[in-house]
Amino acid sequence: MKRILRRSTMIFVLTVAFIGGMGYLTFQLVTNADDWASQPFNAHIAGSGGLSHAGAIYDRNGVVLAQTVDGERVYNESESVRKSLLHVVGDNSLNISTAAQSMYRSELTGYSLIWGLNMPQSLQSKNDITLTVDAATCAAAYDVLKSYNTQGACVIYNYKTGDVICSVSTFAYDPQAPPEITEDNEDEYEGVYLDNVLSSTYTPGSIFKIVTSAAAIENISDIYERTWHCTGSEEIGGSDITCVESHGTINFEQAFAHSCNVVFAELAVELGSDIMTETAEKIGINESFDVDGVKTAKGSYNVEGANKNQLAWSGVGQYNDKVNPMQMAIMCGAIANGGTPIKPTLVKGGADDLLKAIGISTSSKDREMFNPDTASKLGDIMRYTITDYYGDNQYGGLSICAKTGTAEVENKNPNAWIVGYSQDENCPLAFACVVQDTGFGSEYAAPVAQAAMIQASELYN
């Protein structure tokens, strides 16, 4: 009797396990079959790397970025457009995991659980994808970036709608003629599959003075009445904090515009590690941001255990500070929006657009980065930086608020940065640009931003 009971129990357990396994397999088939079917290792559908049935990808103006012609994947006729949008559109492979042709391959191929990839044309839904980017703006940014022959990134997005107008990452290659990367040439293509806009972090240098300024505005009541005297360096915590030049006697606005390291180092020490950390975390420096399901790389502000000199340098954007380009564009968009950011998007016609069409907001207005007064004051000093120091005639008539940065990096030339936004109501664009291993932000990053912003402004005229 006991033997029969044991056998019955074993049969019951095996039956339950079998049914559970079949259920799990069915669930995986229903939810993942489209992705499995579209992999390029499925030889019978592997023409154009699994894209032989794929729909077209368009920019915001209907410009074809990628399409399938006679079973082959064909990209835009302009080499600059193709290369500038490599990391947004992707190539035939799945190597660039954050690109549209990797993220939305099943949508593009029109896979059906019943028909597979052979659904009758009359039953197929529309398999095209429209992106928010502007091909001409991306090409304009790329043409300047590529001249430096180094890694970099440029992103512009509409801080009212969230549409990403420009997203360019270098190095890049031509998706129409991708290189064969081997052990012999892998150094030449190091990091080429990484979208630097979304997935890289860099030492920020003086663009981080926006964060230190926010902390000072909110916590030092007489910040606008103070003056400092800069001789080009000052000993803080046993070592010198240095400036590029001697600024003489300056006030807060002038210190920001002329990027005085001495002033912002002193402010970081006066504010202290707790307030500096609290401000950085409120702005989101230590977290990721979501862009159509892709998490941006996390920045970093960590002064736990830092000595006085290290804390001073952290307020200048050095020490161990790191930021992500998309993160910096979102921060500038928040300043332009009175302190609250709008969630960026690269794909049009998705679920968010359907909700918007019926009047439901999908913007990431769940928290503010700056209180409205702080945002207004940051905008004022960023605007003063352009009008007082750099000149107001470099962006095609746009009223730009910005901050440059020149971030020192060990054993390399500096990272060149510029971040900012347009105040113009008819052209609500925020931007961030970084060029690695070059020099001054005003010399290397600013020309990229200028070319891209001038081109992007044509969309709003």
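Glu-287 sits at 28% relative accessibility, so it counts as partly exposed, a label that covers anything between buried (under 20% relative accessible area) and exposed (over 50%), using a 1.4 Å probe and protein chains only. Before going on, some ground rules: this is a predicted model, where local features need pLDDT of at least 70 and side-chain atom pairs count only at pLDDT 80 or more, while totals for chains, interfaces and linings use all residues. Residues are numbered from 1 along each chain as its sequence is written, and side-chain values use heavy atoms, with hydrogens and water left out.

Back to Glu-287: what does it pair with? Its partner is Arg-367, in a salt bridge whose closest N and O atoms are 3.2 Å apart; the term means a side-chain nitrogen of Lys or Arg within 4 Å of a carboxyl oxygen of Asp or Glu. This pair ties together distant parts of the chain, 80 residues apart: Glu-287 is in the loop between helix H10 (261-283) and strand S11 (290-291), and Arg-367 is in the loop between helix H13 (351-357) and helix H14 (372-390). Those elements are DSSP runs numbered from the N terminus, with helices (H or I) of at least four residues and strands (E) of at least two. Arg-367 is partly exposed too, at 26%.

Next, look at Asp-392 and Arg-383, whose side chains meet in a salt bridge at 2.7 Å, N to O. Here Arg-383 is buried at 16%, whereas Asp-392 is partly exposed at 38%.

Arg-226 and Asp-222 form another salt bridge, at 3.1 Å between the closest N and O atoms. Arg-226 is partly exposed at 22%, and Asp-222 is as well, at 31%.

Finally, Arg-60, Asp-163 and Lys-348 are linked in a salt-bridge network. Searching the whole structure turns up 12 salt bridges.
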